[in-house]
Amino acid sequence: MARLNDFLPVFIFPQKLEFFMDDVTTFKSTLSIYNPYNFPLRYKLKRSVKEENKYQVSEPEGVVKSHCCVDLVIRHQQPYLENVGTKDVFRVKIIRDSDKKHIAQQDVPATLYRSRDEHLQAAGVNRQGDIRRPGASRQTESRVTPPRETPDQAHHSSDSDGVPPQLDPLVVIIGLVCLLVLALPYQGEDNYYLPEYVRTTESYRLSAAFFLGMVVLYIFIKR
């Protein structure tokens, strides 16, 4: 979500672009810009790289209509070894189409990696803290015989390892609210069980579908 000073937030997904040399399907990525407001927005996509042929962008500038989403296709055209690890930046500038006022901007980094497995393994090691930080003091290593586990302790530890990670209750509530909005009937439909004020419009259902997709992606990443 991009925001500039006290202006309106604008939703941009994903927050970063990753390309992998061992997977040609990742050479093409999609950057989505969502406009949840009642007025159109104009966007401009600029890149920090000097080589004009390194990336190909389908529509570097255009208009996002109210309650609509625009998908920009970005192709990496130079997936070479010399470009591995280089972090380029795509800057998305959002302009209100009515008065041409600059209301938001966001930088989306783009990085080429040698392989997906190597990148995930390195990211996992960094998260677990297995890589020693520069300047950290070394401690004297001593061999200590670990105590033997009893069968009850071993069974308890195996059960605790299989516990799935806890989800944020707020994320679950947002997902349930989106499902409820999508389940409600449209305004104007013949439904004698629900009053008119609890029915939804097309814009509300589009917004609920977008946020529900974000919730599903968040749950997938957490697991």
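Residues are numbered from 1 along each chain as its sequence is written, and side-chain values use heavy atoms, with hydrogens and water left out. As the model is a prediction, local features need pLDDT of at least 70 and side-chain atom pairs count only at pLDDT 80 or more, while totals for chains, interfaces and linings use all residues.

The chain comes to 4 helices and 9 strands, where helices (H or I, at least four residues) and strands (E, at least two) are DSSP runs numbered from the N terminus. Going along the sequence, the pattern reads β-β-β-β-β-β-β-β-β-α-α-α-α. Out of 223 residues, 29% count as buried; that label means under 20% relative accessible area, with exposed set at over 50% and partly exposed in between (1.4 Å probe, protein chains only).

Strand 2 runs parallel to strand 9 (residues 101–113), and 4 bridges join the two. Leu17 stands opposite Ala110 in strand 9.

As for the cysteines, a search of the whole structure turns up 0 disulfides, a disulfide being a pair of cysteine sulfur atoms within 2.5 Å. For Cys69, the closest cysteine sulfur is that of Cys68, and at 8.6 Å it is too far for a bond. Cys69 is partly exposed, at 39% relative accessible area, whereas Cys178 is buried at 6%.

The largest pocket holds about 1,000 Å³ of space. A pocket here is an open set of points on a 1 Å grid over the protein atoms alone, where a 1.4 Å probe fits, with protein on both sides within 12 Å along at least five of seven lines; lining residues have an atom within 4 Å of a point. The volume is the space filled by probe spheres set on the points. Of its 23 lining residues, Phe13, Lys16, Leu217, Phe220 and Ile221 are the closest to the centre. Strand 2, helix 1 (116–128), helix 3 (169–183) and helix 4 (202–222) each supply at least two lining residues, and helix 4 gives the largest share, 7 residues. By type, the lining splits into 15 nonpolar, 4 polar and 4 charged residues; Ala, Val, Leu, Ile, Met, Phe, Trp, Tyr, Cys and Pro count as nonpolar, Asp, Glu, Lys and Arg as charged, and the others as polar.

Notes: Pairing = 2+ DSSP bridges.
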